[in-house]
Amino acid sequence: MEAYNHIKNKLLAINRDVGHIIQGALSIDGLSPHPINAWKETTARIERQLAEETIRVAVVGSIKSGKSTLTNALFGGDYVKRGAGVVTSIITKLRPGHDLTAKLAFKTWDEINAEINQALILFSSTPAGGPGDNFNINREEDRRQLQQDVSNMNTEQLISDDTRDPNSVLLTEYLKGYDRVKALVSFEPAIHIFESNDFHKQKDFVGDESLAVYLKDVQLTLQAPEGFGENLEIADCQGSDSPNPLHLAMIQDYLIQTHLIIYVLSSRTGVRQADIKFLTLIKKMGLAKNILFVLNSDFSEHETLADLKALVRRVEAEVDMIVPSPHVFVFSALYNLFRTLDSKEPSTLSRKDRLRLEQWRQETDMVAFSDQQTERFLQAAIQKISLDRFSLLLETNLERIANVSSGMRDWVQINQELLSRDAGMVREAFVEMDARREASEQVTAVIKDTLEGTTGKLKRDLGTDVDRFFDLQYGDIVQDMIHFIDSYNLSVTDYEKHLGASGFLPTLYRIFQAFQQAANRFIAESINPKLVNFVRDQENRTERVFDQVAGPYSLMIKDAVDQHRRTVNDLGINIPEHPFRAIRSPEVASVRNDARLSIPHLTSTLRYSSRIKTEAILRLGFYNTLKTVKKWLKKPVSEKPDSAIRSLENSVRRMKEEMRESITAHFMDYKENLKYQYFFKLIEAMSARLYEALIDRVRAFTGSLLDMKGLIEDDRLAKDQLVQRFASMQTSLKVALDQIGEVERLVESHSAS
Ligand SMILES: Nc1nc2c(ncn2[C@@H]2O[C@H](COP(=O)(O)OP(=O)(O)O)[C@@H](O)[C@H]2O)c(=O)[nH]1
Ligand SMILES: [Mg+2]
């Protein structure tokens, strides 16, 4: 990674040098700023990309497998909270930087209330006039009412012997944390920063569920160990195996942006059911090729090294069934962490941890094995990260700056030579060059038109495919969803006990919650991966289409450049021939970042429930209850549950209808967003980038010469001075181009190694 930083800094320096040359050219009165401004924009974009573009690494795995411990071990300190909870999903992002800062982004009051109202659907002891749609956590009365409902709910659950449902857990935590966070939350997105000595206070937030629910994002900046390099983000993804599908979707949203996944397994438990599920999901999302596995091994847990190795073979075999030929590295993250702490800040190790460390140190063969595996793991991770960095950040930008520099050099040379001629010769040259310019403008106009045609057609075709994918009758997504809802086996009789203990409405709520959780889980586990694959396919197709047209356009441009060169060569201006590199389609990944585009959040696929007409379900349930109650009074005891169950069944049927309607309507919205906010914008941006790359090559020759003509014919002008300025620009450009050549060789040797 050192090599990366080194090369990146060189590239940045060259880019700035070229920027200065451009600035100098812009300050010459009378020169056409036309090509120069385009070059200036390119250098600005390179600077921005090199600063912003980030390689993302996600550390995932089931709870308590050692994700946070491993993350800490990597950064060499106890930075993220170890042993943090279950209720929330927090993705803690760590970025290398100079100072120690923790940035905690809080949800806004509106977001919090929306989330609570979402969880409150059907959740109320009083169907009419309850908190309903407009619960406001800042109102004391609302909190008091909710507190009461939640306590009732929890007692009922105790009676009915159910597991706690995620919604009531969420509501409980929100209420519990309110007083402590209210000063930090506001109606605008609020960020709280903990710095230097206060840094570790962030752990209290992440570690306490009732505070963590208020958090949206946690970003730590910290000094990274030697060799980590910049433009890197490592994310400790707590909640990968959360029972809450919304958390799963949050992790999915992060995973689709990552370049590398580090999957942590614990040697204490081996491969768990949750791991199999999560790995299957990762695979379904098409992300299985970039995983490194860490078997976090507890030295105390294994009698001998041979035992540990036997476990490794078993784990490898189990993982292999999902992810073929996995790369598994076996070491103790906690031992690595303790050892670093012991050498850096011995005082931070507790007496107990020190004892453990001493004990583990005795296991010399396990330690040696672990050390060697740690080393191999770091090498593999670093290699993967640097390769991606090179291709994503360096290569494209290097090519861009090379194009700008050589284009500019040609342009300077043409101007310089023209300046040294007398007015008559120049006039003649202009006639020739203008004719050439007009001809090549025809060519670029044709390219522009046909590229627009291609872009329009691609948008139409892709739009049709998106429509088809989401089609209500024939599309995969909606059909799967409807099939899921219709076949969801909602056995009302399972709730008999609950009905007896808590009554009709709470039972209906329980059924609804279970149903909704199942539907959400289905969306996260089955629909979202399909969606991700569909999007990837369409992105690849987009790249392919632009690649297909880029070939012929490239040839047209090469032809135009050759003719320009011949024209000026005939006029005695000798522009050397550079090898012409064919222009290819820009990469989706790079354009996407540059244009700040991303697919609509996968978490939003779960936000259909705000459309559910709760009242309709409730009213139905409520009338039925009245009727049922009346019937109950007349009928013998033994028949009572039956009729109540029948009413429940009615409500469930209605519930399914509501669910079907709201989910399909919701996916129609998602579809429109995907089309207009993502695909169409991406296609436009790709097209614009390709056109720019093509035009860039002829810019040196087509920049309007008219101003130049004025300059040359102006006798009062101190031409000597101008000639000198061009000469010095020429020298600087030569230096830049030499340096670019040097960097290109560095990149090549690095990519080859
Ligand atoms: N005994 C033992 N404890 C470990 C080991 N690795 C991690 N832990 C502890 O297990 C707990 C959970 O680890 P953590 O890294 O927070 O797991 P996460 O939920 O995956 O982030 C923490 O208290 C760690 O200190 C290990 O190898 N041996
Ligand atoms: Mg953790």
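**Ligand shell and helix packing in a predicted model**

Me: In this predicted model, how many residues surround ligand 1, and which are the closest?
Reply: The shell around ligand 1 holds 16 residues. The closest of them are Lys67, Ser68, Thr69, Gly83 and Asp298.

Me: Which helix gives the largest share of the shell around ligand 1?
Reply: Helices α3 and α12 each supply at least two residues of this shell. The largest share amounts to 3 residues, and the helix that provides it is α3.

Me: What is the make-up of the shell around ligand 1 by residue class?
Reply: The shell includes Lys67 and Asp298 among its closest residues, and Lys and Asp count as charged. By class, the shell has 4 charged, 3 nonpolar and 9 polar residues.

Me: How are α3 and α12 oriented to each other?
Reply: The axes of α3 (residues 67-75) and α12 (residues 333-344) come within 8 Å and cross at roughly 40°. Angles under 35 degrees would count as roughly parallel, and 65 to 115 as roughly perpendicular. The two helices are therefore oblique.

Me: Which residues of α12 make the contact with α3?
Reply: On the α3 side, the contact is made by Thr69, Leu70, Asn72 and Ala73. The residues of this contact divide into 5 nonpolar, 3 polar and no charged. On the α12 side they are Ala333, Leu334, Asn336 and Leu337.

Definitions and conventions: Residues numbered from 1 in each chain as written. Chains lettered and ligands numbered in written order. Predicted model: local features only at pLDDT ≥ 70, side-chain atom pairs only at ≥ 80, totals over all residues. Axes fitted to C-alpha atoms, helices over the stretch in contact; angles between N-to-C directions. Helix = DSSP H or I, 4+ residues; strand = E, 2+ residues; numbered from the N terminus. Parallel < 35°, antiparallel > 145°, perpendicular 65-115°, else oblique. Contact = placed C-beta atoms within 7 Å. Near = placed C-beta within 6 Å.
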